[in-house]
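Visitor: I have a structure open and would like to go through it. Can we take it piece by piece?

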Amino acid sequence: MTQSDHRPGTLIPGGAVFPHRHLTGIEGLEPHEITFLLDEADTWVEANRTRAAPDRRLAGSTQINAFFENSTRTLLSFEIAGKRLGADVVNMHAAQSSVKKGETLIDTAQTLNAMRADVIVIRHMSSGAVRLIADKVDCPVLNAGDGRHEHPTQALLDALTIRRRLGGIAHKRVVICGDLLHSRVARSNILALTALAAEVRVCAPSTLMPPAIERFGVTAFTDFDRAMEGADVVMMLRLQTERMEGGYVPSSREYHLRYGLTLERLAKHAPGALIMHPGPMNRGVEIDSAVADHAEQSAITEQVEMGVAVRMACLDVLTRRARGVEGWA
Ligand code: NCD
């Protein structure tokens, strides 16, 4: 799916602070809407840390996590987020679903809709599948990653991590390095970070660099050392071998030499930069263990923590209208 043929989310009339019915991508969101979701998520970070007064605002609601592609942390994160808000959470894995039996996406959407869920979270291997299902169901749909297209909650949790650690996002130099061609994380992050006025640099071997990526308002590099110069944040991406057909890189050893984040590289080009990775990591390929586990600079486990808060915020905000929350109904 290209940038131009993506339809923005269905707008809810009435001018709520977040007027979208679904969250299928960062594309189509205004900067103040992104900031609103981050502000909402911020309140859940503190609530999760203290766990003082449980908030069960989604009690009586059914949340279906329909995952047509494998996931550990994202599925778990959405499940914890829903349960922490009191929702009844049901997980549907592809291996157990009729997808394996050849059911079409439309049939799947109709089946999910007939279950009368209050919110549906979908991960799918095809770009655009989540939007297609969203168009066919009556409840809000959250995209948990569709093909190479978007992974909006990942971009939001990354933005929240940066905002909390660096005190802001505007004018920060963020380098995203790795398999940009197959990465929905990169795409959603580019959209979110440029919307929030960060200076985004992307870096990849030319075989893994999407054509004309500059139109997203980023600067493209094939030389990692140059890209890292003066960076505030270095975000590393996994080589998505499951989405590759054929050889994009000579070998993982060669890749590590040119694009692996090592302590030496960090110290030389971006000392003090915040280190991020959406996981799962290939230690020793795109990132060395000493960097991933860096006590001061690595924000990788914090990203996981922010993930729960961001998903709580999204589940809450998207269901407000149906729950009749004042100002939203
Ligand atoms: C990412 C994904 O699935 O898109 N992981 C995640 O959501 N934590 C990135 C990846 O798979 O490399």
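Visitor: What should I know before we start?

Guide: This is a predicted model, where local features need pLDDT of at least 70, side-chain atom pairs count only at pLDDT 80 or more, and totals for chains, interfaces and linings use all residues. Residues are numbered from 1 along each chain as its sequence is written, and side-chain values use heavy atoms, with hydrogens and water left out.

Visitor: Ligand, then. Which residues are around the ligand?

Guide: They are R73, T74, R123, H151, Q154, R184, V185, R238, Q240, P278, G279 and P280.

Visitor: How far is the side chain of T74 from a ligand oxygen?

Guide: An N or O atom of the T74 side chain is 3.0 Å from an oxygen atom of the ligand. For H151 the distance to a ligand oxygen is 2.7 Å. R184 also has a polar side-chain atom 2.7 Å from a ligand oxygen.

Visitor: How much of the ligand does the protein bury?

Guide: The ligand taken alone exposes 310 Å², and the protein buries 95% of that. These areas come from the Shrake-Rupley method with a 1.4 Å probe.

Visitor: Which elements give two or more residues to the shell?

Guide: α2 and α6 (184-195) do. Helices (H or I, at least four residues) and strands (E, at least two) are DSSP runs, numbered from the N terminus.

Visitor: Let's stay with α2. What does α2 pack against?

Guide: Its buried residues pack against β1 (62-67), β2 (88-93), β3 (119-124), β4 (141-146), α5 and α11 (300-323). Those buried residues are T74, L75, S77, F78, E79, A81 and G82. Buried means under 20% relative accessible area, exposed over 50%, and partly exposed in between (1.4 Å probe, protein chains only).

Visitor: And what follows α2?

Guide: G86, with a positive phi near 90°.

Visitor: On to α5. How many of its residues are buried?

Guide: 12 of its 15 residues are, so α5 is mostly covered.

Visitor: What span should α5 have?

Guide: Its 15 residues (152-166) should span 21 Å at 1.5 Å a residue, and the end C-alpha atoms are 21 Å apart, which agrees. The expected span is 1.5 Å times one less than the number of residues.

Visitor: D158 is in that helix. Is D158 buried or exposed?

Guide: D158 counts as buried because its relative accessibility is 0%. Leaving aside neighbours within four places in sequence, D158 is in contact (heavy atoms within 4.5 Å) with V185, N189, M235, M276 and Q303.

Visitor: New topic: where does S183 lie?

Guide: S183 lies in the loop between β5 (173-177) and α6. Its relative accessibility is 4%, so S183 counts as buried.

Visitor: Which backbone nitrogen does the side chain of S183 reach at 3.3 Å?

Guide: That of V185. The backbone nitrogen of A186 lies 2.9 Å from a polar atom of the S183 side chain. Both are polar contacts: N or O atoms within 3.5 Å, where within protein one must be able to donate a hydrogen and the other to accept it, and residues adjacent in sequence count only if both atoms are side-chain atoms.

Definitions and conventions: A residue is near a molecule or strand if one of its heavy atoms lies within 4 Å of it.
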